[in-house]
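Student: Could you take me through how to read a ligand shell, a core and a backbone angle in a model like this?

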Amino acid sequence: QQIEERLREAIEKDRLYVSYQPLVRGAGKIVGAEALLRWPDGENGLINPSAFIPIAEMTDLICCLGNWVLTEVCRQMAEWEAQGRVLVVSVNISPREFQQENFVEQVQEVVISTGVRADCLVFELTEGVLLTNVDKVRNKMRRLSELGIRFSLDDFGTGYSSLQYLKQLPINTLKIDQSFVRDITTDSNDAAIVATIIAMARSLDIDVVAEGVEKKEELAYLIKCGCTLFQGFYFSRPVRAKRMASLIPSKQ
Ligand code: G
Ligand code: G
Ligand code: MN
Ligand code: NA
């Protein structure tokens, strides 16, 4: 497959980079960021991850890609930390990547070699990860938790959202998928779904992030429902590392 070959080449030649989208609390305090992979392709501008991640996911290429992203993010976080800028960063982990037999060891190695603070790392898992043997998943999550890593459940509401997972696994945060947030001001079903997810998360003492917040009216409704954490173009688009650094509240 052509795109697969080009992607392998892009990894080898170090043509990929990571953008960061701020995670905001309340009226706009930056409390973290999500790492998002970017592939600039000479002629066509940026290739969207939704065009190449699914292809990478069909083979082990996703594991190579995932390891590249994690290493780059941890290297960047360690560099920021040395400048007194401590930021919690979440990284998307695809199911196939998580399911690797030696995934925990790989993560451990990246943490040690980069010197990153593992308690500033969050792994975003999708429900796809959780569809396999729950004991195995829980065991891996526990071992990663022991390193200090926390977990959020991404794209919540789009998949097979079994509430069982929330009880059985150490999940700190739910991310409400942007497909629900997009229509909360026009679709009363989506408005009700979002309100219910927020109430449920709060009653389970799980943090909840609303994704894809673009408009003031959406934000107002989410706040009314009790949501306090947001991501979306209303606050900031994903930005390059340099710009992100300038947004991190410095401790010095
Ligand atoms: O960045 P953008 O909004 O275009 O992302 C599109 C999709 O690609 C999202 O579902 C996002 O989670 C996914 N994605 C972005 N970066 C990564 C990454 O580093 N690893 C994985 N597995 N998925 C990613
Ligand atoms: O699946 P995941 O939640 O990781 O996807 C994140 C994707 O959502 C990224 O590709 C990011 O660029 C995109 N995104 C972030 N905020 C917004 C927003 O406010 N509106 C839209 N349309 N996309 C957004
Ligand atoms: Mn995500
Ligand atoms: Na999401």
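Student: How do the residues of the shell around ligand 1 divide into nonpolar, polar and charged?

Tutor: In this predicted model, the shell around ligand 1 divides into five nonpolar and five polar residues, with no charged residue. Among its members are Leu36, Leu37, Asn48, Pro49, Ser50 and Ile53, and the elements that give two or more residues are strand E2 (29-41), helix H2 (49-56) and helix H3, with H2 supplying the largest share, three residues.

Student: How do the residues of the shell around ligand 2 divide?

Tutor: That shell divides into four nonpolar, six polar and four charged residues, and of the 14 residues around ligand 2, Gly212, Glu214, Gly232, Phe233 and Pro238 come nearest.

Student: Which residues of the largest nonpolar core touch the most other members?

Tutor: The core has 63 residues, of which Val73, Val89, Val91, Leu121, Phe123, Ile176 and Val208 touch the most other members; helix H3 (residues 61-82) contributes the largest share, nine residues. Leaving aside residues up to four places away in sequence, Val89 touches Gly32, Ala33, Ala35, Val73, Met77, Cys120 and Leu121.

Student: Is aspartate 155 buried or exposed?

Tutor: A residue counts as buried if 20 or more other C-beta atoms lie within 10 Å of its own, and Asp155 has 20, so it is buried. Asp155 lies in strand E6 (residues 150-156) and has a positive phi of about 55 degrees although it is not a glycine.

Student: Where is aspartate 205 placed?

Tutor: Asp205 sits in the loop between helix H10 (188-203) and strand E8 (207-210), with a positive phi of about 65 degrees although it is not a glycine; Asp205 counts as exposed because it has 7 C-beta neighbours inside 10 Å, the cut-off for exposed being 12 or fewer.

Terms used. Residues are numbered from 1 along each chain as its sequence is written. Chains are lettered from A and ligands numbered from 1 in the order in which they are written. This is a predicted model: local features need pLDDT of at least 70, side-chain atom pairs count only at pLDDT 80 or more; totals for chains, interfaces and linings use all residues. A residue is near a molecule or strand if its C-beta atom, placed from the backbone, lies within 6 Å of it. Ala, Val, Leu, Ile, Met, Phe, Trp, Tyr, Cys and Pro count as nonpolar, Asp, Glu, Lys and Arg as charged, and the others, Gly among them, as polar. A nonpolar core is a set of buried Ala, Val, Leu, Ile, Met, Phe, Trp, Tyr and Cys residues joined through C-beta atoms within 7 Å. Helices (H or I, at least four residues) and strands (E, at least two) are DSSP runs, numbered from the N terminus. Two residues are in contact if their C-beta atoms, placed from the backbone, lie within 7 Å.
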